[in-house]
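I set out below, entry by entry, what I looked up in this structure.

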Amino acid sequence: MNVYLLPIAVTLSLLVACSSLKSQRAEAAYFEAHVKPVFQANCLRCHQGPQAPARLNLTDGESASASVSPRTGRPFIIPGDPDCSLIIAAVTRSGTHPRLMPRLDVSLTEDEIGELSEWIEDGAYWPEGDAGKLQPVFNPENP
């Protein structure tokens with residue numbers, strides 16, 4: 001490598017690394033502010049642990065990404081493709097999904113559905129460690 005190009009290459013590498021870290025922080029903030037509250041208040045009452053309905057376990061990212069429909073074998077969350085993600089079909093209460101979620105009188109708002117769709121479209125980032133562990137939270141609208 002040319003001696004004059006080395007500082008430029010190092011600088012570009014650092015810029016890419018910083019940009020990636022900044023993007024990851026933004027994704028983590030979006031998950032924390034928009035996705036985690038929806039799952040905890042509306043989904044985790046049922047969808048937790050190995051015996052979760054339809055085998056959809058939303059307690060952490062690893063479990064959620066490994067969850068596939070036992071009926072179709074399709075993933076519930078397909079990063080980058082909300083239209084093919086079964087979780088979106090279920091919460092929008094449309095299409096041919098057999099069980100509409102949540103199974104309560106109150107469905108998710110259009111904003112909540114939009115936030116989940118945007119999250120999936122952007123790659124469905126789910127933080128690791130404690131930040132990515134979800135627990136059910138009582139939602140007074142969904143007793």
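**Entry 1: the aromatic residues**

I looked up phenylalanine 31 and tryptophan 119 and found both to be buried; buried means under 20% relative accessible area, exposed over 50%, and partly exposed in between (1.4 Å probe, protein chains only). Before going further I noted that this is a predicted model, in which local features need pLDDT of at least 70 and side-chain atom pairs count only at pLDDT 80 or more, while totals for chains, interfaces and linings use all residues. I also noted that residues are numbered from 1 along each chain as its sequence is written, and that side-chain values use heavy atoms, with hydrogens and water left out.

A search of the whole structure gave me 5 aromatic pairs. Rings of Phe, Tyr and Trp (its six-membered ring) pair if their centres lie within 6.5 Å; planes under 30 degrees apart count as stacked, over 60 as edge-to-face and the rest as tilted. One of the pairs joins phenylalanine 31 to tryptophan 119, and I recorded this pair as tilted, with 6.0 Å centre to centre and 45° between the planes. Phenylalanine 31 belongs to helix H1 (residues 6-42) and tryptophan 119 to helix H4, so the pair ties together parts that are 88 residues apart in sequence.

I then looked up phenylalanine 31 with tryptophan 126, which form a tilted pair at 5.0 Å centre to centre and 45° between the planes. This pair links distant parts of the chain, 95 residues apart, with phenylalanine 31 in helix H1 and tryptophan 126 in the segment after H4. Phenylalanine 31 and tryptophan 126 are both buried.

**Entry 2: the chain as a whole**

How many helices and strands does the chain have? I counted 4 helices and 0 strands, and the pattern read along the sequence is α-α-α-α. Helices (H or I, at least four residues) and strands (E, at least two) are DSSP runs, numbered from the N terminus. Of the 143 residues in the chain, buried residues make up 34%.

I placed leucine 116 in helix H4 and histidine 34 in helix H1. Is leucine 116 buried or exposed? Leucine 116 has a relative accessible area of 2%, and therefore counts as buried. Histidine 34 counts as partly exposed because its relative accessibility is 26%. The C-alpha atoms of leucine 116 and histidine 34 are separated by 7.7 Å, although the residues are 82 apart along the chain. For histidine 34 and glycine 114, 80 residues apart along the chain, I noted a C-alpha separation of 9.9 Å.

**Entry 3: tyrosine 125**

I found tyrosine 125 in the segment after H4. With a relative accessible area of 21%, tyrosine 125 is partly exposed. Its C-alpha atom is separated by 6.2 Å from that of glutamate 27, 98 residues apart along the chain.

**Entry 4: the salt bridge**

Side chains of opposite charge can pair when their charged atoms come close. I found 1 salt bridge in the structure, a salt bridge being a side-chain nitrogen of Lys or Arg within 4 Å of a carboxyl oxygen of Asp or Glu. Which side chains meet in the salt bridge? They are those of glutamate 32 and lysine 36, at 3.6 Å from N to O. Both residues lie in helix H1, 4 residues apart, about one turn of the helix. Glutamate 32 is partly exposed at 42% relative accessibility, whereas lysine 36 is buried, with a relative accessible area of 11%.

**Entry 5: two positive phi values**

Most residues other than glycine have a negative phi, and most peptide bonds are trans. I looked up alanine 54, where phi is near 55°, a positive value in a residue other than glycine. Arginine 55, also not a glycine, has a positive phi of about 60°. Alanine 54 is found in the loop between H1 and helix H2 (61-66), and arginine 55 lies in the loop between H1 and H2. Alanine 54 is partly exposed, with a relative accessible area of 39%; arginine 55 is exposed, with 54%.
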